[in-house]
Amino acid sequence: MSDDARFDDPETQPSRRRFLSQLAAGGALALAGCGRRQVMPSTEDAPALELRAARFSGAPDGRTKEIWGYNGQLPGPTIRAKEGDTLRVNVVNELGVPTTVHWHGMYQKGTWRMDGVENVSGLPILQDESFLYEFKAEPAGTHWYHSHAGVQYANGLFGPLIVEERTPIAAYDRDEVLLINDWFLQPADTLLAHLLDGKGMGQMDMKDVKGVKDVGDIPFQSGLINGKGRAPGDTKSPLTVIEVKKGETVRLRLINGSSTYYFRFQIDGLPLTIIASDGAPVIPAEVDNLVLAIGETYDVLIKADLDGPRWIRAVTLDGNEVLAVLRPKDSQAGEPEMDPVRWGPRHVTAEALRAREPADLSTQPREMPILLGGSMRPYRWSINGAYYLTPEAAPFVIQNGEHIRMKLTNPTDMDHPFHLHGHDFHVLGPAARLNMRDPARKNTINVPAKGEVVIQWLANNPGRWFFHCHIEWHLMAGMARIINLKPYH
């Protein structure tokens, strides 16, 4: 049977029950500091960059555990390319289980089979085998890559993907990547299994959140910035340090590579000027702090007028703190005084960001209502009442050239960060006050608890695309759909 036939016939796809039971049991589908820069070749006959997915031991937050990562690094190496270059990345699988790599934010125009979603855009890479991903680096901006097989990326299989603009969107002296992620001592498949069985274990006890906004189904343990952090009670594990020259302007490329938690980001006493989100330029907005939903990226400028070290803070929405240090170059080593966070008053939501150019939204769109749902017992999360990989969750069928307007309604007590593969969309805002003039473009958007958001996009990239909540556990418990954008080959 051809791959096309396998993907088109729902009878040949793995059932949700079998898929999740294999994950929980450790079966064939179970998933048991930003690295050096890589400048990618742009010619088809140039050597490809190699990513080796493997397990190794490390203690990024002071606690030793088995890490799943690329090239023995956490995060994986930073991949850099120029806008329009051909990216060629050979992925070698040494994990012992099948894997994939998804290039989060890439359009993949004409190359949808390179999107790297297990059993959606292609088959996974088997143990001791390799696969050459080859696609155009577009759009420009701050993006990232991660496994899209089961819940593997929660174990460390992620890294930054930077596509540099042909024409810079702002003036700055240099850039730095800050990849923020939550971190758990237990393997990801163990965490998923205990969510699915609902029985809990110690700190993994399920929470009764009825009527109360919940910010994470798994209790927070620790977090990392560029692969370094401190578990609770640890005061000695090394933190990431960013050194800056006095007066220079630095572009910070912020990525939330978490599986579970949103983070509010701030550098104490230092304004942040937002210039892009999910790679798309916006009208500059000066803020004191901003919230990164899971999967989101932001580009901000800072002016390095420092008289001493400052805390770089990433704090969960229920107050758990992850730290790094911004320090003047040639200053004495050391950390700032450990004071409680004092949030600056200026912040902005994605709906309030403005694109640099007006959008053309004059065409009458096709309306697609998206209703989110979920429960903790049993643990399951849905789109329009259906759970991914069940017969009821048939793919959304869209024709090439259609304008799609989705109203995402979220009656649950949790925020949900929704990501669309192969496209970006205009963030119009809540239905009662749509921005039809200059909405920001993004590929990941927060749908607030007890709230809604409307997005609109042009379906101009045929293929099989994934549309899902970027909370890993919600995706695996059903909050995902395939979009069949026809005609595709």
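Colleague: Let's start with Glu-472. Where is its place?

Modeller: Glu-472 sits in helix 4, which covers residues 472–476. Keep in mind that this is a predicted model.

Colleague: Is Glu-472 buried or exposed, and which side chain of opposite charge is nearest?

Modeller: Glu-472 is buried, yet it has no salt bridge. For a salt bridge, a side-chain nitrogen of Lys or Arg has to be within 4 Å of a carboxyl oxygen. Here the nearest side chain of opposite charge is Lys-65, and that is 12 Å away.

Colleague: What does Glu-472 touch, then?

Modeller: Leaving out residues up to four places away in sequence, Glu-472 touches Gly-150, Val-151, Gln-152, Tyr-153, Ala-154 and Ser-259.

Colleague: On to the rings. How is a pair of aromatic rings described?

Modeller: You take the distance of the centres and the angle of the planes. Centres have to lie within 6.5 Å, and planes under 30 degrees apart count as stacked, over 60 as edge-to-face and the rest as tilted. By this rule the count here comes to eleven aromatic pairs. Take Trp-103 and Tyr-145: their ring centres are 5.6 Å apart and their planes are at 40°, so this pair is tilted.

Colleague: Which parts does that pair tie together?

Modeller: Trp-103 is in strand 6 (residues 102–104) and Tyr-145 is in strand 8 (residues 141–146), so the pair ties together parts 42 residues apart in sequence. Both Trp-103 and Tyr-145 are buried. They also belong to one aromatic cluster, along with Tyr-70, Phe-131, Tyr-133 and Phe-135.

Colleague: And how do I read Trp-112 with Tyr-488?

Modeller: Their ring centres are 5.3 Å apart with the planes at 80°, so that pair is edge-to-face. Trp-112 lies in the loop between strand 6 and strand 7 (130–136), while Tyr-488 lies in the segment after strand 31 (480–486), so the pair ties together parts 376 residues apart in sequence. Trp-112 has 4% relative accessibility and counts as buried; Tyr-488, at 14%, counts as buried too.

Colleague: Where do charges sit over rings?

Modeller: The charged end of Arg-264 sits over the ring of Trp-343, 5.8 Å from its centre. Lys-109 lies over the face of Tyr-107, at 5.2 Å from the ring centre.

Colleague: Zooming out, how many helices and strands does the chain have?

Modeller: Four helices and 31 strands. Of its 489 residues, 61% count as buried. The accessible surface of the chain is about 18,800 Å², with 50% of that belonging to carbon and sulfur atoms.

Methods:
Residues are numbered from 1 along each chain as its sequence is written. This is a predicted model: local features need pLDDT of at least 70, side-chain atom pairs count only at pLDDT 80 or more; totals for chains, interfaces and linings use all residues. Side-chain values use heavy atoms; hydrogens and water are left out. Rings of Phe, Tyr and Trp (its six-membered ring) pair if their centres lie within 6.5 Å; planes under 30 degrees apart count as stacked, over 60 as edge-to-face and the rest as tilted. Helices (H or I, at least four residues) and strands (E, at least two) are DSSP runs, numbered from the N terminus. Buried means under 20% relative accessible area, exposed over 50%, partly exposed in between (1.4 Å probe, protein chains only). A charge sits over a ring if NZ of Lys or CZ of Arg is within 6 Å of the ring centre and within 35 degrees of the ring normal. Lys and Arg count as positive and Asp and Glu as negative; His and the chain ends are not counted. Contact means heavy atoms within 4.5 Å. Accessible areas come from the Shrake-Rupley method with a 1.4 Å probe; for residues, only the protein chains shown count as cover.
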